[in-house]
Amino acid sequence: MGNHPIEADVTESTDTTRPAGNAAGLSAPHGSRPRPGHAVPDQVAVIGGGMVGLCVAWFLQDRGRRVTVFDRDHLTAGPTWAGAGSSWGNAGWLTPGLATPLPEPAVLRYGLRVLLRPDSPVYVPPVADLGLARFIAGFVRHSTTARWRTAMRALVPLTRAALGAFDELAAGGVTAPTRAAAPFLAGYRDRSGLDALLTELAEIRATGQPVDAEVLDPVAARDLEPLLSEQVRYVVSVQGQRFCDPGRFVAALADSVRERGGLVHEAMAIDEVREAGGRVELLGPGGPAGPYDAAVIATGAWLPRLARPFGVRLPVQAGRGYSFLVATEQPPSGPIYFPASRVACTPLRDGLRVAGMMEFRHPDAAADPRRIRAVVEATRGLLRGVDLDTRAAEWVGPRPCTPDGLPLIGPTISPRVFIAGGHGMWGITLGPVTGRLLADAIATGAPAAELSPFDPLR
C-alpha cells in the first residue's frame with residue numbers, strides 16, 4: 001500500500017472460470033430473466049455522460065432498454081475529444097492489478113500536517129467546509145491495514161472482470177481502441193519505494209487479484225524505455241495491463257449509444273430527480289424531461305446533490321487531479337509511473353500526458369496553478385528529453401471519492417432510481433464492469449452478489 005497511481009485507470013481479467021454466456025465473468029448472467037413480480041423498465045434516463053454513465057447506458061441497451069443520457073458538458077469527438085467530468089484528462093490507465101482503495105495506511109504515516117501543504121501529493125485546502133471535514137474524518141478512519149484489505153477484497157470481483165467488460169464493448173461496436181501496456185513501468189529513486197511497491201503487490205495478490213510483476217535491472221530498463229533518466233535506479237515491470245485515450249474512448253461510447261438508437265443530450269444539466277405517478281421525472285433549466293420508467297444517477301463528484309433525496313448519505317468528495325501534455329522526441333511504448341511522486345505518464349497523441357496529485361476541493365473550484373507546478377517538480381529529473389516547462393492542455397478534473405474507497409452501485413430507497421458513482425481514481429477502469437452489473441440489476445430486479453459491498457445506502 002502507499003503506491004496509488006493518482007490518475008491511473010486500467011483493468012485486467014485473468015479469471016478462467018467464467019460461466020458460459022458471461023463475457024465479464026460475473027454472477028448475473030447475460031440476458032437473465034427478470035425475477036417474478038419485477039416490473040422491467042423500458043425507458044431509462046441516465047444522468048451523467050462520463051465513462052460510468054455511458055457504460056450503464058450502453059449495457060442497458062444491450063439488455064433491450066431504451067436510454068436517454070443527459071450531461072451538462074459536451075461529449076462529442078473533436079480536436080480535443082471533449083468529455084465529461086474526470087473522464088477526459090486522466091491518465092487512461094486500465095490497470096486492474098493496481099486498482100486499490102484510496103484510503104490506505106500511508107495516509108496515516110504522512111500525518112495531517114503534510115496534507116495541508118499545496119505541494120503535497122494529497123492536498124486538503126484549509127477551508128471552513130463541514131462536508132469536507134466529515135469526508136476527511138471518514139477517510140482517515142478507513143486508512144488502516146484491516147479496512148484496506150476488506151475494501152480490496154470487495155473490489156476484486158470487479159477488477160478481475162474489468163478487462164473482459166472492455167472486450168465486450170469492443171465486440172459490440174465501440175470503436176476506440178485499448179492498447180496493451182507493454183511495458184508498464186514503475187520507477188523509483190530509492191530502494192525503499194521499490195520495497196513498498198513489492199509489499200503492496202503481495203497484499204493485492206493475497207486478496208485474490210492476480211498481478212504479475214518483475215524487478216528490472218535499471219540499465220536494461222533504460223534500454224527498454226529510453227525516456228527514463230539515470231535518477232530512476234529501481235524499476236518494476238507490471239504485465240497484463242492496458243491503457244487508452246480516455247477522451248476518445250468516452251466520445252466513442254457516446255457515438256455507439258447514439259448509433260444503437262439512444263438519445264444523448266449534451267450541455268443539459270439536470271437539477272432535480274423526482275417520482276411522479278409511479279415514474280421518474282427530471283427537472284432542468286429547460287423544464288421537465290420524461291417521464292421515464294427508471295433513472296440512473298451517474299454524476300460523479302456532483303452525485304450527492306441529486307442522490308441525497310433517495311437515501312444516499314455517504315459523502316462523495318471531489319478528489320481533483322491535474323494533467324498536461326508535453327512533447328517528446330519518441331513517446332514511450334507504454335505508461336510510466338512514479339509512485340513516490342504520485343505521477344502517471346501516458347503516451348498520447350504523439351506526446352506524453354503527465355498526470356498526478358489528489359486535491360480535495362469543490363469540483364467546480366478554479367484550477368490551482370500551484371498543483372500543476374507540484375506535478376512538474378515531482379517529475380523533474382525523472383524523464384529524459386522532455387521539456388516540462390513547455391506544456392499544453394493543462395487540465396483539472398474531479399474524481400468522485402468516498403470515505404471507504406468503494407463506489408456506490410445499485411438501487412436507492414426508490415425502486416426506480418439507481419446510483420453509479422464514487423469510483424475515485426478507477427472510473428475508467430471499472431466503468432464497463434459497473435455498467436454491466438448495474439444494467440443486469442435494473443433489467444432483472446436482482447443485483448449480483450458482487451454489488452453488495454457497494455450499496456449506495458450503506
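Tutor: Here's a walk through that sheet, followed by a tour of some other spots in the chain. Keep in mind that this is a predicted model.

A bit of context before we zoom in. The protein chain holds 11 helices and 21 strands. Of its 458 residues, 60% count as buried. If you take contacts with a separation of 6 or more, 79% of them come from residues 24 or more positions apart.

Now the sheet. It's an open one of six strands, ordered β10-β2-β1-β14-β21-β20, and the pairing is mixed. The edges belong to β10 (263-265) and β20 (408-411); each has a single partner strand, so one side of each has no neighbour in the sheet. Ignoring direction, neighbouring strands here are turned by 15° against each other on average.

Strand β1 (residues 43-47) runs parallel to strand β14 (residues 294-297), and four bridges join the two. If you want a residue pair to click on, Ala45 sits opposite Ala295 in β14. On to the next neighbour: β14 and β21 are also parallel, paired over three bridges. Here Ile297 has Ile419 of β21 as its bridge partner.

β20 and β21 run antiparallel and are joined by four bridges. Ile409 has Ala420 in β21 as its bridge partner. These two strands make a hairpin, with five residues between them.

Most residues other than glycine have a negative phi, and most peptide bonds are trans. The bond joining Ala182 and Pro183, though, is cis, with omega about 5°. Pro183 lies in the loop between β5 and β6. A cis bond also links Gly290 to Pro291, with omega near 10°, and Pro291 is part of strand β13 (residues 287-292).

Met357 isn't a glycine, yet its phi is positive, about 80°. Met357 lies in strand β18 (residues 351-360), and it is buried, with a relative accessible area of 1%. Ala393 also has a positive phi, near 55°, and is found in strand β19 (residues 392-401). At 36% relative accessibility, Ala393 counts as partly exposed.

Now for the helices. Helix α6 (residues 191-206) has 16 residues, which at 1.5 Å a residue should span 22 Å; the end C-alpha atoms are 23 Å apart, so the two values agree. Its buried residues are Gly193, Leu194, Leu197, Glu200, Leu201, Glu203 and Ile204. The elements covering them include α5, β6 (184-188), β7 (212-216) and β8 (234-239). After α6 comes Gly208, with a positive phi near 110°.

The axes of α5 (residues 145-171) and α11 (residues 427-444) come within 7 Å and cross at roughly 85°, which makes α5 roughly perpendicular to α11. The contact has 12 nonpolar, two polar and two charged residues. From α5 they include Leu155, Leu158, Ala162, Phe166 and Glu168, and from α11 they include Ile428, Leu430, Val433 and Arg436.

Note on methods:
Residues numbered from 1 in each chain as written. Predicted model: local features only at pLDDT ≥ 70, side-chain atom pairs only at ≥ 80, totals over all residues. Heavy atoms only, no water. Axes fitted to C-alpha atoms, helices over the stretch in contact; angles between N-to-C directions. Parallel < 35°, antiparallel > 145°, perpendicular 65-115°, else oblique. Contact = heavy atoms within 4.5 Å. Nonpolar A, V, L, I, M, F, W, Y, C, P; charged D, E, K, R; others polar. Expected span 1.5 Å × (residues − 1). Buried < 20%, exposed > 50% of the residue type's maximum accessible area, 1.4 Å probe, protein only. Pairing = 2+ DSSP bridges.
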